[in-house]
Protein chains: 2
Amino acid sequence: MRQSNFFMPTLKETPADAVAKSHQIMLRGGYIRQVTAGVYAYLPLAYRVLRKTEKVIEEEMAAINVPEMQMPHMLPATLWEESGRLEKYGAEMFRLKDRHGRETLLGPTHEETFTEIIAKNLKSYKQMPLQLYQIQTKFRDENRPRFGLLRGREFVMLDGYSFAASREQLDKQFDDEKSAYEKIFKRVGVEVRPVIADSGTMGGKNSTEFQAPAAVGEDTIATNETGTYAANLEMAVSVDTFKQEPEALKDMEKVATPGCESIDQLADFLKVPATRIVKSILYIADEQTKVLVLVRGDKEINEVKLTHLLDCDSLRTAEAGELEKITGSGKGGVGPVKADYADKIVADETVKGLYNVVVGAGETDYQFVNANLDRDFKVDEFADLRVANEGEPDPVDHLPLKFTTSIEVGHIFKLGTYYTEHMNAKFLDQNGKAQPVIMGSYGIGVTRLLSAIVEQHATENGVAWPKEVAPFGIHIIQMKMKDEIQSKIAADLEEKYAKYDVLYDDRNERAGVKFNDADLVGAPVRITVGRDAADGFVEVKRPTDEKAVKIALTDLDDFIEQELD
Amino acid sequence: MRQSNFFMPTLKETPADAVAKSHQIMLRGGYIRQVTAGVYAYLPLAYRVLRKTEKVIEEEMAAINVPEMQMPHMLPATLWEESGRLEKYGAEMFRLKDRHGRETLLGPTHEETFTEIIAKNLKSYKQMPLQLYQIQTKFRDENRPRFGLLRGREFVMLDGYSFAASREQLDKQFDDEKSAYEKIFKRVGVEVRPVIADSGTMGGKNSTEFQAPAAVGEDTIATNETGTYAANLEMAVSVDTFKQEPEALKDMEKVATPGCESIDQLADFLKVPATRIVKSILYIADEQTKVLVLVRGDKEINEVKLTHLLDCDSLRTAEAGELEKITGSGKGGVGPVKADYADKIVADETVKGLYNVVVGAGETDYQFVNANLDRDFKVDEFADLRVANEGEPDPVDHLPLKFTTSIEVGHIFKLGTYYTEHMNAKFLDQNGKAQPVIMGSYGIGVTRLLSAIVEQHATENGVAWPKEVAPFGIHIIQMKMKDEIQSKIAADLEEKYAKYDVLYDDRNERAGVKFNDADLVGAPVRITVGRDAADGFVEVKRPTDEKAVKIALTDLDDFIEQELD
């Protein structure tokens, strides 16, 4: 491609509203332009990276025999009514009516669409195991789109679905997809950590996220240094090392704690460590169930874990007025003693094994001291309901947890039969009995992956694209367009190396302009054809090299082969 | 790809609601499934054809140095307000509001989006000529979606745009695109006719449609047998061979013609040929201008030509009550004499050179006879405003016009400066003067093209895909899955011919099922591995062959090479 024909509007200044490095580089390099909030045009440079990324995905999916297809973007709302997700999905779903008034939506994901096709077209166990995928534009009306392609309202995603007649088939499908995903991320040059992720009610091993560490990530992962444990902070488990020495149980006593609302304030006022305080927070699950949740004073409640324990769709803490109305107490005074208003009392495991603790007295500005589990208050269910903290021991090798911000670039998930039961996708098993198909779902944020690549491969003035996804493998820069020898050599190289995808800067621009643009193009190999070309020499530079190096044209093949094959 | 892993739900029966042959085959073969009216899922077979078609397009666009990119699907309504098309586009546009209430639309086409990007990023004549294109899903809320992929509400389109600093640059761009399109259609195996098409107000040479003759086409093209003339019927010109012998002008006279509303009735009643009658029809342009249109009684008015002459956005005939109110007469009596209510009187050229004609008398059930142009009524403007008829001489070589139904698969168009002027997309020319960029637009209906290919290549029981777009180049059918020799040979062939894309039917199905499915897959080469495999023989069959032919495995390379290279 001749650069004079190429559309790559570079910017000298970094746009003020771009915070993420990847966003800045993609705007400066003319990769993308915003068309409306969180909605981008992929200009030719970005489109080339996108297509090459898709090609890697397609090759790895073909390698595990998964056919590609394409669902529509526009879906009838009735599909989502069947699955029960239409209203649950909320404001993030773009909805519209067609000219006949039919409720329509723009697909944010496609579990329903695939389940429906399977329900109508798959009848027998003989047709399974079956896997399918698509690479497609998705739509989610994010409240706060940000960081360029990292969190947009219109984005490209790979979404795959597996259909199995048995749990064993599902396990094999899941493992195949997992290893394909690992290859994909490796080939596109992104360092990822597979981590334990939120998996609804199905347990940790059924859901894996691929997290790419990056300064601008919206997720936090908790890992130990040997890599034997890695989890999304939402799901991270840590070992609680605190042990209270056994004590004789004292009589429970009500004390005034005027103005104390936080654990710190209480600990100060009562002169006790936070570990002697039990925090009580009232949650409302599914807008109806009142759940009092207890955790030791030095820990925080993890609402993802709590949601799983309660198996609820919505969860929130009680609001100020509501809290007082239900419990008879303001925030600081809520406690588990005689909390008959609660439909259920659950506690983190840290609440076990404590003696003579402080709990809210059910009255604003009052606490009970010397309260004791089972004697003074009861817990219906214990579970790990706390947020893990950095430095705490991991649950596998008891090494300190380290936190890293990262970008979720993929997620694979054993769905089970939720959708197939709701949408009646059944097959006849070997005994002729109708069974719900067992599903898995698999996703990669393709445009988000572009951001992750740039985050991990940014250079001082641009980017160093990994060779498999670089928009161009070779960037030829001719210094003087009027020099016929240079033109001849540049054009010859362009032709000779065509298979690597060559961008040939044939513009009548100053060298500085050309080099700045080249930093933004980030081709793995830059060849400068200048003054020495007549003597059989050019210069080569990799994006991460400090300086270009003079090389004989006769040695160029070896260099290119080494860099690009 | 092993067929046991492939998702291709074939149907034994032709679905009753599928009228078009291509629609029937694509449903029966498990190529597509409707998700909602006019909105289809492209299952793996169709998706493979789609991607191969796109690859052909991408290669031919790269060959003329046009970079690919991708605009968003969701667009802000403000963009279309700028161009003035937001309301004009009407009910075919899908519109929605985002969570913040912002007016949003789903792109039916992208002139605005490209013009806007150019307006913001292209500043100088040095950056032109520039061409760009995308292959993308488009959305149009057709009132009556039909014929499968032929007229859908969500479909894939190539849309390209060119930007030029001069008319000469535009002409070159247009010619390049035209020849690239011709190569594309040739490679995907569709016979097309480039025809003169509706081009707004810019004249015939500025707009070419690529029409694929097919039984189910929604368009009609008028061609002569040597191919020197070809036009969409909307724009087709014919030579009028009628000549009236000169006569002395007689006095005009009003006569009663009770109940005569049509030309046939009038001609019968007055005993004159239709060629002696001038038909007058009142049109309302842009809901305000009253235009009386005259045409000789044996011809019909072509509203596309009329729209161009009037340069109006909307055009309709006056409704019954309205007509009477404006003209004082019902349908049969409207005429050009003293038609002062008309803002303009225009006539087809057939109204010239007539003597003593019949025209409406401006009164229901009355006509003037012996009316004469200029003496009794005036015409403000003459033009070709009539529909061409089959058999009339073409305007180039005066050969009889032949009509063919066909599918519009492509359209290239010199847009000029309409959008760039409305959206202020200006560049500085060599003299530093701001000028509007000169645009062209270029389109191929990609999913529609799939229908056209199938329409033109349907066989009795399926389709014979042209090799460049066949979902698979080779279909290997193993007769007995438990036969180890067959399995070995089939697997060897699968590996050996992998580069041609092999589908290997490894299912435990009866031969009849396998062959029926193979007819629907339509691979250019089918290889049956059966009983004779042990002796070194297989059978080969092309979709258009009556019977399979036995061939030695040692001769297979030659056959495959000949068919597929």
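This is a predicted model: local features need pLDDT of at least 70, side-chain atom pairs count only at pLDDT 80 or more; totals for chains, interfaces and linings use all residues.
Figure 1. Although Asp374(B) is not a glycine, its phi angle is positive, at about 75°.

**Figure 2. Asn356(A), a buried loop residue with a positive phi angle.** Asn356(A) is found in chain A, in the loop between strand E16 (344-348) and strand E17 (357-360). Its phi is near 50°, which is again a positive value in a residue other than glycine. With a relative accessibility of 1%, Asn356(A) counts as buried, because the limit for that class is under 20%.

Figure 3. In chain A, the bond between Met128(A) and Pro129(A) is cis, with omega at about 0°, and Pro129(A) has its place in the loop between helix H4 (111-121) and strand E6 (130-139) of that chain. In chain B, a cis peptide bond joins Met128(B) and Pro129(B), where omega is about 0°; Pro129(B) lies in the loop that connects helix H4 (111-121) with strand E6 (130-139) of chain B.

**Figure 4. Asp141(A), a buried residue with contacts in both chains.** Asp141(A) is placed in the loop between E6 and strand E7 (154-164) of chain A, and at a relative accessible area of 2% it is buried. When residues up to four places away in sequence are not counted, Asp141(A) touches Ala91(A), Glu92(A), Phe94(A) and Arg153(A) in chain A, together with Asp98(B) and Arg99(B) in chain B.

**Figure 5. The crossing of helices H1 and H10 in chain A.** The axes of helix H1 (residues 21-28) and helix H10 (residues 446-457) of chain A come within 8 Å and cross at roughly 100°. H1(A) and H10(A) are therefore roughly perpendicular to each other, since angles of 65 to 115 degrees are assigned to that class. From H1(A), the residues Lys21(A), Ser22(A), Ile25(A) and Met26(A) meet Leu450(A), Ser451(A), Val454(A) and Glu455(A) of H10(A). Sorted by class, this contact of H1(A) with H10(A) comprises four nonpolar, two polar and two charged residues.

**Figure 6. The crossing of helices H1 and H10 in chain B.** In chain B, helix H1 (residues 21-28) and helix H10 (residues 446-457) have axes that come within 8 Å and cross at roughly 100°, and H1(B) and H10(B) are therefore roughly perpendicular to each other. Lys21(B), Ser22(B), Ile25(B) and Met26(B) are the residues of H1(B) that meet Leu450(B), Ser451(B), Val454(B) and Glu455(B) in H10(B). The residues of this contact divide into four nonpolar, two polar and two charged.

**Figure 7. Val190(A) and its buried surroundings.** Val190(A) is found in the loop between helix H5 (167-187) and strand E8 (193-196) of chain A, where it is buried at a relative accessible area of 6%. Leaving aside neighbours within four places in sequence, Val190(A) is in contact with Phe185(A), Ala212(A), Leu449(A), Ala452(A), Ile453(A) and Gln456(A). Asn461(A), which is 271 residues apart from Val190(A) in sequence, is 20 Å apart from it in space, C-alpha to C-alpha.

Figure 8. Chain A is divided into domain 1 (16-65 + 108-236 + 403-454), domain 2 (253-383) and domain 3 (474-564). Taken over C-alpha atoms, the centres of domain 2 and domain 3 of chain A are separated by 68 Å, and the C-alpha trace of the chain spans about 100 × 65 × 50 Å along its principal axes. The secondary structure of chain A comes to 13 helices and 28 strands, and buried residues make up 57% of its 565 residues. Among the contacts in chain A with a separation of 6 or more, 69% are accounted for by residues 24 or more positions apart.

Note on methods: Residues are numbered from 1 along each chain as its sequence is written. Chains are lettered from A and ligands numbered from 1 in the order in which they are written. Side-chain values use heavy atoms; hydrogens and water are left out. Domain bounds come from an automatic or database domain assignment. Helices (H or I, at least four residues) and strands (E, at least two) are DSSP runs, numbered from the N terminus. Buried means under 20% relative accessible area, exposed over 50%, partly exposed in between (1.4 Å probe, protein chains only). Contact means heavy atoms within 4.5 Å. Axes are lines fitted to C-alpha atoms, for helices over the stretch in contact, and angles run from 0 to 180 degrees between N-to-C directions. Angles under 35 degrees count as roughly parallel, over 145 as roughly antiparallel, 65 to 115 as roughly perpendicular and the rest as oblique. Ala, Val, Leu, Ile, Met, Phe, Trp, Tyr, Cys and Pro count as nonpolar, Asp, Glu, Lys and Arg as charged, and the others, Gly among them, as polar.
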